[in-house]
Amino acid sequence: MNEGAPGSLNEGMALFTYLSSSYITCKSAKTTHSGETVALLYSEESNAALIKLDGGGAVSWGPVTHDNIEGTDVAGSYDGSEFAVTGHGGPTGIAGKLLRVDSSTGNLIGITEFRSVPEGAGPNYQYVYNECWGIQPLPQGGYALACGTGIEECSMLTKQLRRQCNQGRALELDNRDGAVPRPVEIRQSVIVLVDHLGEVIWQRVDQWSETGNTQSTPHSSAAEYTIIGTDGSIATVNDEGTGVGLLKLVAPTQVTTTQGTTSTSVSMHIYFCET
């Protein structure tokens, strides 16, 4: 139900209040260009429920429940045609997810999954969890997502891997060329860029390490909040385990090779604040 008369921003009053006993919390809420509000609700029975409210707080549609994702953040597309929820879920291991719905009806448009270790990388790819926490729309269409990836705990592994994990050894769960063993409970940041259809344009994995010290002890570096710069750059606020980090990706540029082909170049700067 709704409670309270609409207020005024100039008066510092709440414009409206939405109350529901069916949900534990609101994970995220965003206001659209037209003054409407979309909110991502959560309960133990509903991992992601979207509701759209008009400027006066009346329900336009919803809550519409989507049980195939644990939602963490919501955003509206630049053209206003859809809402997008980021989060994570199964059924095989934990994959980062993007769920898109029609902004007029709440009807599902599509779901995209992301993994730092893809299914084809070996039989143990599912033990590397992927969790997405933040999302921002892009002016050209699509979204930038902030995620974390890593091995959650030893108890979830098969017997042989669990033994190695309990011994404190890094685990070889990725068979791709150049992949390195992963220590348990050490997460990395994953930034994912998708187009207006929800298709992945690129994704990259990063982790902070001490400058000039190749033997420094790794620590968790998961991306959690996304920021889009006016120059097209992407930044994420990171949970660094021992502090807070800001990871900035310079706006992608097209590079022409000597063979005449083009590729996208993204340079990176990491700033670290210890608490």
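**Close-up views of a predicted model**

**View 1. The pairing of strands S7 and S8.** Strand S7 is joined to strand S8, which spans residues 82–89, by 6 bridges, and the two run antiparallel.

**View 2. The open sheet to which S7 and S8 belong.** Taken in the order S7-S8-S9-S10, 4 strands make up an open sheet with antiparallel pairing. Because strand S7 (70–76) and strand S10 (108–114), at the edges, each have a single partner strand, one side of each remains without a neighbour in the sheet. From one strand to the next, the twist averages 20°.

View 3. Ser60 is found in strand S6, which comprises residues 59–65. When its neighbours within four places in sequence are left aside, Ser60 is in contact with Lys52, Leu53 and Asp54. Val38 lies 22 residues from Ser60 along the chain, and the C-alpha atoms of these two residues are separated by 9.8 Å.

**View 4. The whole chain, as context for the close-ups.** The chain contains 1 helix and 20 strands, and buried residues account for 40% of its 275 residues. Of the contacts between residues at least 6 apart in sequence, 43% join residues that are at least 24 apart. The accessible surface of the chain amounts to about 14,400 Å², and 49% of this surface belongs to carbon and sulfur atoms.

How values were computed:
Residues numbered from 1 in each chain as written. Predicted model: local features only at pLDDT ≥ 70, side-chain atom pairs only at ≥ 80, totals over all residues. Heavy atoms only, no water. Pairing = 2+ DSSP bridges. Axes fitted to C-alpha atoms, helices over the stretch in contact; angles between N-to-C directions. Contact = heavy atoms within 4.5 Å. Buried < 20%, exposed > 50% of the residue type's maximum accessible area, 1.4 Å probe, protein only. Areas by Shrake-Rupley, 256 points an atom, 1.4 Å probe, with all protein chains shown as cover.
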